[in-house]
Amino acid sequence: MSRVAVIGAGYVGLTTAACLARLGHDVVCADLDAERVAHLKKGEVPILESGLPALLAEGLAARRLDFVVGAVNAARGADMVFLCVQTPQGDDGAADLSYVEAVAREIAPVLGPNAVVINKSTVPVGSTRFVQRVLSEAGLSHDNITVVSNPEFLREGQAVHDFLNPERIVIGCDQPEPAVRVTELYKGVHAPVLVTDPASAEMIKYASNAFLATKVSFINAIANLCEAVDADVREVAIGMGYDGRIGFQFLHPGPGYGGSCFPKDVAALLHAARDAGYEFELLAGVVEVNRAQQERIVDKLRAAVGGALAGKVVAAWGLTFKADTDDLRDSPALAICRRLVEEGATVRAYDPVAGERARGTVAEVELCADVYDASTDVDVVALLTEWDEFRWVDFERIAAVMRRPSIVDARNLLDPAAMRRRGFDYVAVGRR
Ligand code: UDX
């Protein structure tokens, strides 16, 4: 078992720390935010991730997991140091590596002999060499310290499951010994291990996210075409999905992709491609389709209220970028709410978990206690996030409190025929 440091207690860092403790390693997780560390030391998890609170409690109780303030306090004496800090999108779309660089400079002097520094943050191609260079400049006390790329593929809402049941483990390293040591960290996890060069490992991460985003934009484009030719995208996706080369996953049309990863990673890849002299037209198209998809939902809502949104009241069901997370970052639902307000509509919103958090984010939207409250005296319901509880709503009661029963289902969550039988004007994405 190894002494592992994890720098950064966000989605990736917390999940990595708790899961590595579960695998039997001694883990110290560091963050700059003293208040966050204090909560974590008490087992209080600041994000919604199923299974994470129990894993934290287990690790803390077994004294295999601890939290400290400051990277140095975790890195000193560690065999392995995971960098899980943020790489936000810069103004020009490039990934901002300043947090990664700052941590590398900070820990360099305290890294022990043979330590392995592992990049788990999403970082552009070439970042492993960049971190190696920064460490050398910052005064390493030992010269046999290696930087390895080990991208994560976890989805928010299922992060613990995805970490412990990955489809593959990717390790980017030119030297066999550190690569073997990183592989051993995952002892107990059953998945193919791909050991490759750092640049390819870094590209695997971006290419995977960009491909998934492309799949989402593709099915949204097909949904839009289905509307024009009177086909049903749900049937089309099933027919496509039977082909093992396509698969059923990521063929759900909706308001476009969002979240803390796809938009940022696609922009960073586009930027890196341009920098490298390659105009990635296909990916530029993916971004454009995604931007236009949000606007299509606004168009549907405008049509549902008779052509003009000014003075109308819209109920927004869901604010998070997808279900089963409390994350509002780059949420299509929030972007649509803002567009509706821009057009003069009043928006009454309900989200099962992110209501309070949204209060600070979208001041101009009224936050409501539940779907019935949000739907009272509104002209149309906009179903924007696919929370399961929206399937089980009492639609008779909804119809009774609305000005008239009308719903735009931007997630194709509900059954069109059943909604129409209930007397609703029902509009979905690419469905009849
Ligand atoms: C994603 C990747 O899935 C994960 O492997 C990577 O590590 C981080 O980025 P996440 O951001 O949690 O994970 O979201 P994901 O579940 O992939 O969904 C991304 C966006 O696409 C969401 O807005 C979601 O609503 C949308 N989406 C996804 C669709 O609109 N249709 C689909 O069929 C799938």
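User: Where is the place of Asn114? Please start there and continue through the neighbouring elements to the rest of the chain.

Analyst: The model is a predicted one. Asn114 has its place in the loop between helix 5 and strand 5. Its phi is near 70°, a positive value in a residue other than glycine.

Helix 5 (98–107) and strand 5 (116–119) are among the elements against which the buried residues of helix 6 pack; the others listed are strand 4 (80–83), strand 6 (146–149) and helix 9 (198–229). The buried residues in question are Ser127, Thr128, Phe130, Val131, Val134 and Leu135. They lie on the same side of helix 6, because the arc that they cover around the axis is only 160°.

Ser127 belongs to helix 6, which comprises residues 127–137. Its relative accessible area is 3%, so Ser127 is buried. Apart from neighbours within four places in sequence, Ser127 is in contact with Leu97, Asn119 and Glu202. Between the C-alpha atoms of Ser127 and Glu101 the separation is 9.8 Å, and these residues are 26 apart along the chain. Just after helix 6, Gly139 adopts a positive phi of about 85°.

Strand 5 also takes part in strand pairing. Four bridges pair strand 5 with strand 4 in the parallel sense, and within this pairing Val117 of strand 5 stands opposite Val81. Strand 4 is likewise joined by four bridges to strand 1 (residues 3–7), and these two strands run parallel. Here Phe82 of strand 4 has Val6 opposite.

Six strands form an open sheet in the order 11-10-9-12-13-14, with parallel pairing. Its edge strands are strand 11 (366–367) and strand 14 (425–427), each of which pairs on one side only. Within the sheet, strand 9 and strand 12 (residues 380–383) pair in the parallel sense over four bridges, and Ala316 stands opposite Ala382 of strand 12. The loop between strand 9 (313–317) and helix 13 (332–342) holds Asp330. Asp330, like Asn114, is a residue other than glycine with a positive phi; for Asp330 the value is near 50°.

Gly277 is found in the loop between helix 11 (262–275) and helix 12 (281–304). Its relative accessibility is 70%, so Gly277 counts as exposed.

Charged side chains complete the account. Across the whole structure, a search finds 31 salt bridges. In one of them, the side chains of Arg431 and Asp232 meet at 3.1 Å, N to O. This pair links distant parts of the chain: Arg431 lies in the segment after strand 14 and Asp232 in the loop between helix 9 and helix 10, 199 residues apart. Both Arg431 and Asp232 are buried.

A further salt bridge joins the side chains of Lys264 and Asp265, at 3.4 Å, N to O. Lys264 has a relative accessible area of 16%, so Lys264 is buried. Asp265 is buried as well, with a relative accessible area of 1%.

Glu343 and Arg302 form another salt bridge through their side chains, at 2.9 Å, N to O. Glu343 is in the loop between helix 13 and strand 10 (346–350), Arg302 is in helix 12, and the pair, 41 residues apart, links distant parts of the chain. Glu343 counts as partly exposed because its relative accessibility is 23%. Salt bridges that share partners join Glu295, Asp299, Arg302, Arg339, Glu342 and Glu343 into one network.

On the surface, Ile238, Tyr242 and Phe248 form a nonpolar patch, with about 340 Å² of accessible area together. Ile238 lies in helix 10 (residues 233–241). At 32% relative accessibility, Ile238 counts as partly exposed.

How values were computed: Residues are numbered from 1 along each chain as its sequence is written. This is a predicted model: local features need pLDDT of at least 70, side-chain atom pairs count only at pLDDT 80 or more; totals for chains, interfaces and linings use all residues. Side-chain values use heavy atoms; hydrogens and water are left out. Buried means under 20% relative accessible area, exposed over 50%, partly exposed in between (1.4 Å probe, protein chains only). Contact means heavy atoms within 4.5 Å. The arc is that of the directions from the helix axis to the C-beta atoms. Patches are made of residues with over 30% relative accessible area and no salt bridge: like charges are joined within 9 Å, nonpolar side chains (Val, Leu, Ile, Met, Phe, Trp, Tyr) within 5 Å. Accessible areas come from the Shrake-Rupley method with a 1.4 Å probe; for residues, only the protein chains shown count as cover. A salt bridge is a side-chain nitrogen of Lys or Arg within 4 Å of a carboxyl oxygen of Asp or Glu. Two strands pair if DSSP finds at least two bridges between them.
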